[in-house]
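Colleague: Could we go through the aromatic residues in this model together?

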Amino acid sequence: MKSLELFDLTGKVALVTGGTHGLGMAVATALAQAGATLVVNGHSPAKMENALKEYAANGITAHGYLFDVTDEAQVTEYIARITAEVGPIDILVNNAGIIKRIPATEMSLAEWNTVITTDLTAPFLLSKAVAAGMIERGGGKIINMCSMMSEVGRDTVSAYAAAKGGLKMLTRNLATEWARYNIQVNGIGPGYFATSQTAPIRVNGHPFNEFILKRTPAARWGNPEDLAGTAVFLASRASDFVNGHIVYVDGGILASLGKAMNED
């Protein structure tokens with residue numbers, strides 16, 4: 001087999017949760033462009049409609065399904081529907097997630113639970129739901145969207161960091177349990193990316209923009225397309241002996257203490 005053929009996803013069905021915008025859409029687009037049949041999950045009809053139009057404009061036929069990834073009954077129902085209507089799921093990307101920036105002393109238990117359920121419990125439910133079919137068919141790929149907060153902390157994101165740290169360990173544990181069935185479970189940890197959500201703080205002169213540019217060895221924000229190669233690698237045969245790893249796509253932030261105060 002030629003090396004490039006290892007990255008070909010033709011004939012594979014990929015489900016990307018939260019694939020209606022942002023980094024989820026970037027990952028979904030990369031998988032589709034590598035040949036996968038694309039299924040995207042969302043919870044907003046309007047966002048789903050716009051997303052399907054955007055995929056179509058880029059020459060991608062995407063199958064959209066609206067369901068709550070935190071509801072086990074809905075997850076079970078829709079995995080069965082997708083399997084019947086599109087095909088068995090070969091690649092699952094657990095991308096759907098939320099963040100609440102609230103100081104720990106001010107965060108309510110309900111707010112905490114919302115983040116933990118969405119960012120940690122939902123990936124467990126989705127992974128569990130697809131694993132049985134993957135085991136029966138002799139393999140599959142699960143990619144969990146982790147975060148640099150899987151490794152480091154920041155003010156006001158205690159629930160998010162706890163969830164992403166938990167997701168890192170869930171990734172490793174599921175990899176350990178399911179490797180014998182030729183299922184690879186890995187994660188991607190994005191750094192700071194240029195998306196519509198970060199647009200307001202990426203303007204010249206904004207303190208956070210200046211902080212990111214100085215703190216990132218690559219001296220720039222990531223572009224959503226920077227995730228494409230890692231996503232395709234972890235979804236393809238090229239990663240068949242890679243299991244339980246988190247690939248941090250962060251421009252080098254976690255490898256560095258950053259520039260000294262007197263550096264340009």
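Colleague: To begin, is Y78 buried or exposed?

Modeller: Y78 is buried, because its relative accessible area is 15%; buried means under 20%, exposed over 50%, and partly exposed in between, with a 1.4 Å probe and protein chains only. Please note that this is a predicted model, where local features need pLDDT of at least 70, side-chain atom pairs count only at pLDDT 80 or more, and totals for chains, interfaces and linings use all residues. Residues are numbered from 1 along each chain as its sequence is written, and side-chain values use heavy atoms, leaving out hydrogens and water.

Colleague: How many aromatic pairs are there in the whole structure?

Modeller: The search finds six. Rings of Phe, Tyr and Trp (its six-membered ring) pair if their centres lie within 6.5 Å; planes under 30 degrees apart are stacked, over 60 edge-to-face, and the rest tilted. One of the pairs is F67 with Y78, which is stacked at 4.9 Å centre to centre, with 15 degrees between the planes.

Colleague: Where do F67 and Y78 lie?

Modeller: F67 is in the loop between β3 (62-66) and α3 (72-85), and Y78 is in helix α3, 11 residues apart. Helices (H or I, at least four residues) and strands (E, at least two) are DSSP runs, numbered from the N terminus. F67 is also buried, at 4% relative accessible area.

Colleague: Turning to N41, what does its side chain reach?

Modeller: The N41 side chain reaches the backbone oxygen of F67 at 3.0 Å. N41 is located in strand β2 (residues 37-42) and counts as buried, because its relative accessibility is 3%.

Colleague: Which residues form an aromatic cluster?

Modeller: Y192, F208, F211 and W221 form one.

Definitions and conventions: Polar contact = N/O pair within 3.5 Å; in protein donor to acceptor, adjacent residues only side chain to side chain.
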